[in-house]
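Please open the model in your viewer and keep the sequence beside it. This tour goes from one selection to the next and says what is found at each stop.

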Protein chains: 4
Amino acid sequence: MNRKLRMGMVGGGPGAFIGGVHRAAARLDGKIDLVCGAFSTKPENNKAMAAELFLPEEKCYNSYMEMFEKESQLPEGERMDFVAVTTPNSTHFPIAMAALEHGFHVVCEKPMTFTLDEALKLRDKVRETGLIFALMHNYSAYPMIRQMKKMIADGKIGTLRKIVATYDLGWLASPNAGKQATWRVDPKFSGAAACVGDIGTHAEQLIEFTTGLKITELAADLATFVDGRTLDDDATIMLRFNNGAKGVIECSEVACGEENQFKLRVYGSEGSFEWSQQEPENLIMRTNDSAMKTLRRGWAELDPSVQALVRLPAGHPEGFFEAFANIYNDFAMAVAAQKDGKDYAGMFPTEEAGVRGMNFIETVVSSARQNGAWQPLKDL
Amino acid sequence: MNRKLRMGMVGGGPGAFIGGVHRAAARLDGKIDLVCGAFSTKPENNKAMAAELFLPEEKCYNSYMEMFEKESQLPEGERMDFVAVTTPNSTHFPIAMAALEHGFHVVCEKPMTFTLDEALKLRDKVRETGLIFALMHNYSAYPMIRQMKKMIADGKIGTLRKIVATYDLGWLASPNAGKQATWRVDPKFSGAAACVGDIGTHAEQLIEFTTGLKITELAADLATFVDGRTLDDDATIMLRFNNGAKGVIECSEVACGEENQFKLRVYGSEGSFEWSQQEPENLIMRTNDSAMKTLRRGWAELDPSVQALVRLPAGHPEGFFEAFANIYNDFAMAVAAQKDGKDYAGMFPTEEAGVRGMNFIETVVSSARQNGAWQPLKDL
Amino acid sequence: MNRKLRMGMVGGGPGAFIGGVHRAAARLDGKIDLVCGAFSTKPENNKAMAAELFLPEEKCYNSYMEMFEKESQLPEGERMDFVAVTTPNSTHFPIAMAALEHGFHVVCEKPMTFTLDEALKLRDKVRETGLIFALMHNYSAYPMIRQMKKMIADGKIGTLRKIVATYDLGWLASPNAGKQATWRVDPKFSGAAACVGDIGTHAEQLIEFTTGLKITELAADLATFVDGRTLDDDATIMLRFNNGAKGVIECSEVACGEENQFKLRVYGSEGSFEWSQQEPENLIMRTNDSAMKTLRRGWAELDPSVQALVRLPAGHPEGFFEAFANIYNDFAMAVAAQKDGKDYAGMFPTEEAGVRGMNFIETVVSSARQNGAWQPLKDL
Amino acid sequence: MNRKLRMGMVGGGPGAFIGGVHRAAARLDGKIDLVCGAFSTKPENNKAMAAELFLPEEKCYNSYMEMFEKESQLPEGERMDFVAVTTPNSTHFPIAMAALEHGFHVVCEKPMTFTLDEALKLRDKVRETGLIFALMHNYSAYPMIRQMKKMIADGKIGTLRKIVATYDLGWLASPNAGKQATWRVDPKFSGAAACVGDIGTHAEQLIEFTTGLKITELAADLATFVDGRTLDDDATIMLRFNNGAKGVIECSEVACGEENQFKLRVYGSEGSFEWSQQEPENLIMRTNDSAMKTLRRGWAELDPSVQALVRLPAGHPEGFFEAFANIYNDFAMAVAAQKDGKDYAGMFPTEEAGVRGMNFIETVVSSARQNGAWQPLKDL
């Protein structure tokens with residue numbers, strides 16, 4: 001590729017949060033240009049976005065379908081190469097399906113779809129088209145998470161036994177938590193679960209990504225603490241894994257005062273790892289017979305695959321944008337490789353992670369409805 | 001009381017761990033003298049303890065029954081006032097029963113007994129004799145735990161919603177973990193559970209003590225990761241409380257590299273607390289609309305009841321011994337008050353906490369045997 | 001401004017570090033486009049940069065003078081608006097002077113020049129041309145530093161008494177520390193001081209920026225621990241301030257194992273602040289009679305001027321790039337305001353900070369040569 | 001020794017702070033009995049102490065001289081073996097001299113005396129009598145400080161280059177800071193320096209103890225920030241060492257909100273250590289080419305000499321009392337060895353450290369009076 005990749009966006013209009021994050025992350029490394037968007041269905045919003053983003057007004061479409069149709073008629077190199085889907089959960093499926101049908105690669109916010117059934121259909125479509133699909137589980141692209149994954153795969157902590165993930169936020173502790181909150185607790189936009197879909201799936205994905213294990217069954221207890229809600233705002237989920245390991249996900253969006261307190265601990269027969277999203281540059285490694293180590297980006301023994309994700313000298317903090325950008329970079333390299341007819345094995349989450357996440361959500365809800373009876377995840 | 005309280009000990013001979021901790025804690029404030037012991041059933045061990053502790057050899061008995069009988073014949077002020085029971089779980093009951101029957105107050109290691117049935121009988125005996133019984137859940141006597149308890153009771157974080165306790169150690173990660181470990185995983189000495197009895201009960205007691213809530217039902221998943229064991233070395237226990245709150249206890253003794261990583265988080269409708277045993281002087285308080293606070297012993301608004309537990313200026317670290325000594329002090333004041341015919345309301349855990357702990361253990365084991373079905377705690 | 005600002009760069013060719021940081025930071029918010037560069041004096045390097053950055057080869061000049069001349073002949077909106085100077089210290093002055101003389105605004109790496117004399121001349125040129133000059137002291141643009149500055153100015157910690165800054169790195173602990181290190185310890189490229197120029201000036205600038213105080217005199221002890229060096233690789237500098245406060249800067253580049261351990265503590269008569277660059281999102285506030293507070297971006301009482309610097313929800317870590325980008329944004333708004341004929345009061349460091357920094361370096365060296373005698377900073 | 005050591009105390013009456021710490025620390029390990037005291041010169045205070053400490057009233061003397069005289073006439077085994085001097089600085093010398101003259105070993109609070117001249121006389125007396133003298137620099141007995149000392153001596157971080165100690169408290173930030181504060185800022189009781197004598201000497205002693213280096217010269221800037229004081233309440237002291245290393249001590253008692261924030265960093269050519277008194281169980285070790293390690297008491301490679309100082313399993317926090325008690329234990333073993341005619345090499349600070357500390361104080365004051373001119377420490 002001797003040009004930047006051309007990106008379009010669906011969603012991310014005025015007042016949205018995650019769309020702006022996608023745009024900044026895509027910009028960071030100078031390999032991607034935002035060239036068009038269907039930021040909103042309201043013309044005045046798209047006009048405002050055109051001005052804010054220095055885009056031609058005619059490139060800010062009032063419907064994603066219009067964007068897909070018009071862009072797909074442009075010649076290669078002038079049309080959008082891929083689309084980022086940053087709308088509420090309920091519309092991921094139709095948008096992503098339409099994008100694929102028009103020949104566009106897709107970066108999609110999580111959870112992938114509204115239902116597991118949609119997820120399976122979308123996966124089929126990705127397979128059928130051969131296009132590239134990335135699911136934005138950005139936490140899996142923090143350098144020290146990748147280092148942990150590598151060291152676990154290399155057997156550095158032995159056979160895995162226990163995995164504990166906790167993800168706590170306080171933002172939904174009160175009934176009125178603002179625009180971003182409203183759709184997340186509304187079953188029409190969010191799906192079968194709120195807290196579990198919003199953050200529980202991050203925990204599920206990070207656990208499976210990092211450990212290489214599969215959750216085989218789970219037992220869940222969901223709670224709704226704030227009056228007037230119909231979906232969960234808090235969850236505890238016990239886990240059993242395919243190698244005999246056990247685990248638990250504790251997540252809550254009514255955890256007053258917490259920001260994005262996402263922590264992961266993985267215990268093996270020879271050692272353990274601890275990582276916290278709010279201090280993402282520290283990977284703590286413990287064993288019974290050596291001193292506790294804090295592995296950081298500056299570590300001389302950092303794996304080369306992780307070193308490739310590093311933009312700054314150690315001690316100059318990298319954070320959320322960089323992890324997000326790592327997904328974009330990896331995706332961009334996969335798209336470029338396909339255009340160039342080359343093989344490329346990315347580590348970004350794909351439609352498989354999306355199916356897995358929806359499988360997890362529906363199994364959690366099913367277990368909770370049966371008062372926490374253990375339920376197997378479907379083999380899909 | 002115009003004299004020091006006279007203490008005897010059962011257990012705590014050469015190579016034991018917790019007996020020495022009891023002795024040091026009892027000594028710290030100069031209100032208690034160790035005057036006799038049945039440290040071991042082997043005469044040579046008791047001789048060694050006599051030398052080490054500068055006790056007369058005749059005060060180092062070869063059986064607790066002999067000690068109780070001989071001491072009980074001495075006049076008040078010359079005989080032992082109370083006994084500390086620091087033996088493995090399986091012998092707590094007969095020793096404590098005999099002590100009470102001979103008129104001695106008791107400080108007892110946790111869990112209180114081997115079975116719930118014994119616990120109920122012991123509670124009856126305490127009630128019948130009117131003697132004072134303290135159960136050594138020392139964590140509940142850390143100053144900042146007491147501060148948390150007070151502030152929760154005062155409604156500072158609103159209605160409680162979610163409680164998360166984790167207690168992780170690595171010491172049993174391998175089959176051969178030394179003398180202290182051996183009896184703890186042996187059902188003949190430890191009881192129905194190992195990890196749950198050893199540390200799970202600490203979590204259960206600290207949660208109920210600190211929050212004032214009662215666990216009404218639980219769902220447990222126990223694991224035994226090390227070959228050759230018959231008892232649990234790892235557990236996850238989901239909790240429901242009498243006010244509708246939910247919670248989880250995650251505890252493990254195969255968590256490689258962890259020392260005594262005991263953490264408690266309590267979330268209410270208005271704020272939350274976080275505390276960690278390895279940094280016991282920091283009580284973190286969060287709300288959604290003010291800055292995170294780290295409450296410490298030097299805080300000007302520390303509750304007077306907590307201030308009374310403080311021995312050193314803030315910034316000079318206090319730790320485990322001081323918390324342990326707080327239980328001894330409180331117990332000693334209760335004993336002295338009884339001798340002086342006065343009322344005294346201590347905060348040390350009693351036979352009630354002991355019954356509660358055994359109730360918890362047996363319910364956990366019952367739930368685990370039914371593949372994690374929710375089980376109510378008995379109303380006792 | 002209804003278009004992106006057009007940026008050129010001098011320096012930042014293959015193997016350089018800080019040039020890439022400037023480019024990424026300038027890109028982050030989508031307000032600035034890199035349109036040309038004199039990345040290197042070697043044609044093959046510029047060719048490589050053209051490919052890497054997707055720039056036309058003719059926009060990658062082999063000399064900064066050629067770039068300034070050619071770009072200055074293009075019409076407004078097509079030519080470069082400003083230049084980022086990211087070369088070694090010794091060339092900042094001629095490049096920045098030439099840029100100003102050709103009518104370009106300047107973003108310049110620190111320290112501003114090679115000598116104080118050059119700094120004064122450059123300041124005169126900035127004043128004379130009325131162009132905008134930003135000095136890249138990026139640490140001063142971390143949100144919590146800005147919050148500290150605001151609260152100090154508002155008197156929240158009373159009259160300032162003591163300021164302690166420490167900046168420790170280990171990268172120069174051995175003689176051979178790589179390409180980035182070589183020029184920094186070479187007096188031909190670095191100037192009168194190495195460690196003091198590289199990191200001591202960051203401390204000096206951050207102190208004066210944050211507190212609003214001026215250093216009036218200083219006493220310095222410089223050290224050169226690694227054989228073969230002629231410049232300092234370690235320094236301790238005692239400070240006295242214009243309000244009677246005292247302070248110290250301790251900085252070292254031979255502090256084995258440290259990454260970019262830059263910490264600032266400010267003590268006033270009523271309270272104090274502590275901040276650490278490696279955990280830049282935590283601003284610790286202490287007073288004698290209230291609990292320690294950790295102020296973070298999510299704080300409800302964050303100053304609106306600081307809120308404007310925030311790109312992500314609290315708990316999603318922001319870091320070095322974002323602080324760097326804050327300088328670029330602020331500079332870009334100043335440039336745009338000038339083009340639009342509007343007033344704009346930015347907070348980015350300017351030529352005044354540059355003169356101050358060179359004044360500091362030369363006074364430190366002078367004091368050190370007189371065995372640490374107190375030396376006043378010149379009134380310039 | 002087949003009995004406990006018998007301790008007397010001078011000072012430590014009602015309202016005193018450090019006396020109670022000495023008593024608790026001496027009690028902790030059950031090797032020492034407090035048998036008498038001259039706690040106060042007021043009879044009613046001594047009566048109160050007799051009741052509080054369960055001592056016979058006749059053993060609570062109204063003057064130290066009376067105590068020394070009466071106790072010295074008792075037979076060995078019935079009389080006091082040693083005395084702890086816990087009075088304000090101004091009286092250490094006459095009390096300690098009298099104790100030695102009456103044949104008693106001495107534990108003395110720091111700084112050893114009021115003047116350097118007194119310190120030299122006291123050292124002569126110790127040498128002359130052959131009695132044992134311990135100076136209570138308790139920080140030097142934290143286990144991880146001992147581990148650091150051992151590893152430095154073993155060359156684990158190479159040749160030492162830079163030492164940074166900071167000790168900050170807020171308690172004297174206001175004019176009226178209570179009884180404990182009053183004498184510490186009064187030159188009649190405190191001596192030539194306040195902050196430097198109270199905490200600066202702790203830093204000086206810990207640096208020399210831990211590194212094995214000697215300070216050869218220093219340059220000091222003292223400050224008095226609170227009106228009405230004649231002594232320093234804040235200091236910065238640059239240091240040069242006998243091996244060419246450099247350093248700085250920054251200490252303040254007007255550092256609002258700080259508790260006992262005593263930190264030490266030692267940088268060598270191969271690595272570095274960092275330790276903080278408020279988290280005394282963590283010894284951080286860094287090198288340029290391996291991961292940061294947090295060495296703790298549970299470390300498998302802990303030196304056996306340090307292991308001997310450990311009372312609790314790792315993860316059960318030990319603190320200030322235990323460090324203090326380590327000095328008492330070590331002193332007690334030295335006394336017992338002397339009684340038994342055996343050799344014993346303790347690590348507790350002695351009269352040599354006392355002379356060193358007074359030498360430091362007077363050199364600091366001398367340098368400050370000459371506007372921070374470098375002053376050599378005397379060779380004594």
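How many residues lie between S10(C) and S11(C) in the hairpin that they form? There are three residues between S10(C) and S11(C) in this hairpin. Before going further, please note that this is a predicted model, in which local features need pLDDT of at least 70 and side-chain atom pairs count only at pLDDT 80 or more, while totals for chains, interfaces and linings use all residues. Residues are numbered from 1 along each chain as its sequence is written, chains are lettered from A and ligands numbered from 1 in the order in which they are written, and side-chain values use heavy atoms, with hydrogens and water left out.

**First stop: the strands of chain C**

Select residues 261-268 of chain C, which are strand S10, and then residues 272-276, which are strand S11; the two run antiparallel and are joined by five bridges. Helices (H or I, at least four residues) and strands (E, at least two) are DSSP runs, numbered from the N terminus, and two strands are said to pair if DSSP finds at least two bridges between them. To see one of these bridges, show Leu264(C), whose bridge partner in S11(C) is Trp275(C).

Buried means under 20% relative accessible area, exposed means over 50%, and partly exposed lies in between (1.4 Å probe, protein chains only).

**Second stop: Lys156(C)**

Move to Lys156(C), which is placed in the loop between helix H6 (143-153) and strand S6 (160-168) of chain C. With a relative accessible area of 47%, Lys156(C) is partly exposed. Leaving aside neighbours within four places in sequence, Lys156(C) is in contact (heavy atoms within 4.5 Å) with Met151(C), Glu270(C) and Met285(C). If you also select Lys179(C), you will find that it is 23 residues from Lys156(C) in sequence and 45 Å from it in space, C-alpha to C-alpha.

Select strand S13 (residues 292-295) in chain B and strand S13 (residues 292-295) in chain C, which pair in the antiparallel sense over three bridges. In one of the bridges, Lys293(B) has Lys293(C) as its partner. The contact takes nine residues from each of the two chains, and together chain B and chain C bury about 790 Å², 62% of it on carbon and sulfur atoms. Buried area is the accessible area (1.4 Å probe) that two parts lose on being put together, summed over both. On the chain B side, Ala291(B), Met292(B) and Thr294(B) lose the most area to chain C, together 47% of what that side buries.

To view one of them, select Glu250(A) and Lys162(B), whose closest N and O atoms are 3.0 Å apart.

**Last stop: two buried residues of chain A**

Select Phe104(A), in the loop between helix H4 (92-101) and strand S4 (105-108) of chain A, which counts as buried at 1% relative accessibility.

Finally, go to Thr363(A), which lies in helix H12 (residues 351-369) of chain A and is buried, with 7% relative accessibility. Beyond residues up to four places away in sequence, Thr363(A) touches Leu218(A), Gln375(A), Pro376(A) and Leu377(A).

Note on methods: Salt bridge = Lys/Arg side-chain N within 4 Å of Asp/Glu carboxyl O.
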